[in-house]
Amino acid sequence: MVGFGIDFGTTNSVVAIFNNREVIPFVDKKQPHPSVIWYQGDSHPIVGREAKNRVRDFENIPGNKFIKSIKSQIHKEEEIDIFGRPKYTWQVASEIFRFLKEDAKRRYRNYPAIEEAVVTVPLYFNGRQRRAIRKAAEMAGIAVKTFIHEPFAAVVGYLLADQNQWDILKEKRENILVFDWGGGTLDITLVKLDSGCLYEVSTAGANGQSGDYFDEVLMSYVIDTFQKDKGISSKGFRVDPGIESLLLHDIEVAKIDLSQKSSTLIELPGFYIDNHNSYALSQNIERSQFESIIQTHINDAMRLVDKVLRDARLQTSQINQVLLIGGTSRIPLLINEMYKTFGVTKVIQIPNADTIIAEGAAIISYHNWQPYLVQSIGIQLADDSFYTVLDSGTILKPGATQKEVVLFCTDNREGEGRLIITEKLNSQEHKVKEIINVPISKVLQKIYSERVIANFTVDKDVILRISAKGSVKDKPIYTDIHDLCYGLRFA
């Protein structure tokens with residue numbers, strides 16, 4: 001028996017397997033697979049590192065189409081034109097899942113093919129986004145066992161890398177800050193580990209100002225410096241798109257180098273041609289120069305850390321561990337800021353940061369751990385009291401999490417019953433999730449003759465589906481709640 005986990009990422013994607021002895025990530029030369037798809041006319045698309053490496057050579061040549069960061073678009077019910085063949089975003093994303101499945105089968109013949117897996121998603125992904133990812137996986141022949149939030153998978157992957165920690169983990173109570181800064185997004189989550197349960201306490205994040213954005217900023221700096229050094233006017237200055245793609249690739253490599261080195265060299269012959277004069281680009285970039293460019297964004301990230309702690313009403317001294325994952329979290333300037341805030345011993349630079357989420361998902365898949373409801377879901381009654389429908393702690397297993405509720409109407413004169421669905425935040429505070437106006441009979445004279453019958457079901461995409469109807473006027477109304485607050489229970 002084995003468990004598969006898939007981290008379908010904006011920039012990179014990884015599959016990992018757990019066999020109750022060791023966790024093995026399926027990677028390419030110790031690197032995750034880039035989430036890049038290369039279409040060439042009617043031929044089968046190329047996915048992964050080969051596609052990413054060929055962007056620089058073919059992006060601007062007719063008959064080639066490269067798609068990056070499809071995860072950030074997957075929630076859009078839009079079609080992308082692929083040489084006259086429209087494909088929905090989830091259909092394009094399925095190419096990544098298909099590649100992961102075929103690559104694992106080709107490279108790791110000692111292990112079974114991926115037929116099902118736990119798939120990780122960001123905390124802010126709603127039911128529609130989870131549904132689109134499921135469709136993409138299923139189109140590639142992979143059944144999704146369940147969806148688990150990425151920070152939960154990271155915590156499991158880190159804490160359970162040593163299986164001897166399992167008994168200790170069931171008793172632990174810790175506050176863990178997961179700082180996930182990848183190529184596309186920054187996600188900061190304060191996770192509570194409480195006697196075998198993981199759940200979100202507070203979260204914050206930012207889109208756009210991450211690794212890919214830093215590449216663009218550094219490239220602008222390099223081009224500006226080049227113009228000044230060569231005395232080239234910015235008026236009419238234009239770098240050939242193909243050359244710019246080459247430079248962006250080299251910029252990414254330089255950025256990664258600067259996490260290990262104090263300086264790095266970028267060289268690009270024939271970078272710019274003006275009036276038949278050819279100029280080569282040769283620039284040495286100091287780490288201090290790069291840090292001065294991104295200092296403001298590092299400060300912004302640390303302010304988000306402060307916000308997460310304020311929202312949780314915790315001090316830095318109450319945080320037990322800080323897990324740094326994602327490629328951007330390797331930047332020394334950021335690490336030093338984390339040391340200043342939390343102390344050296346609490347900040348964990350995870351060496352397998354690129355694969356830890358998939359590894360945690362594989363462990364979860366092997367043990368068949370399920371998500372559970374953190375906040376109770378119920379109905380606000382006419383006297384403003386809270387009637388619990390699904391209690392906190394309910395395991396959200398598809399097909400098993402369902403309940404029917406029958407309520408009497410106290411006033412049917414308007415021909416409509418208001419069903420107020422609420423989430424219980426604490427003993428005093430409730431949050432309205434949805435209001436359903438249910439058609440009922442208004443001709444009945446006897447009070448309580450009309451009833452409202454409501455059915456609650458949690459589906460395989462962790463969407464709460466509610467249908468409600470009157471017992472006399474039997475016309476159901478349907479609604480979905482896509483943002484249930486759910487955690488992970490080790491059971």
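Glutamate 79 stands opposite tyrosine 88 in S9. This pair belongs to a predicted model. Strand S8 covers residues 79–82 and strand S9 covers residues 85–88; the two run antiparallel and are joined by four bridges.

S8 and S9 form a hairpin, with two residues between the strands. Phenylalanine 83 lies in the turn, where its phi is positive, at about 50 degrees.

## Three-stranded sheet

A further element is an open sheet. Its three strands are ordered S6-S5-S7, and the pairing is antiparallel. Strand S6 (46–47) and strand S7 (64–68) are the edge strands, since each of them pairs on one side only.

Five bridges link strand S5 (residues 36–40) to S7 in the antiparallel sense. Within this pairing, tryptophan 38 has phenylalanine 66 of S7 opposite. In general, strands of a sheet pair through backbone hydrogen bonds, whether parallel or antiparallel. Side chains in a regular strand alternate between the two faces of the sheet.

On the surface, a patch of negative charge is made up of Asp212, Glu216, Asp240 and Glu244. One of these residues, aspartate 212, is placed in helix H6, which spans residues 211–230.

Is aspartate 212 buried, partly exposed or exposed? Aspartate 212 has a relative accessible area of 34%, so the residue counts as partly exposed. A patch residue needs over 30% relative accessible area, and the 34% of aspartate 212 is above that cut-off.

Methods:
Residues numbered from 1 in each chain as written. Predicted model: local features only at pLDDT ≥ 70, side-chain atom pairs only at ≥ 80, totals over all residues. Heavy atoms only, no water. Patch = residues over 30% accessible without salt bridge, like charges linked within 9 Å, V, L, I, M, F, W, Y side chains within 5 Å. Areas by Shrake-Rupley, 256 points an atom, 1.4 Å probe, with all protein chains shown as cover. Salt bridge = Lys/Arg side-chain N within 4 Å of Asp/Glu carboxyl O. Lys, Arg positive; Asp, Glu negative; His and termini not counted. Charge placed at Lys NZ, Arg CZ, Asp CG, Glu CD. Buried < 20%, exposed > 50% of the residue type's maximum accessible area, 1.4 Å probe, protein only. Pairing = 2+ DSSP bridges.
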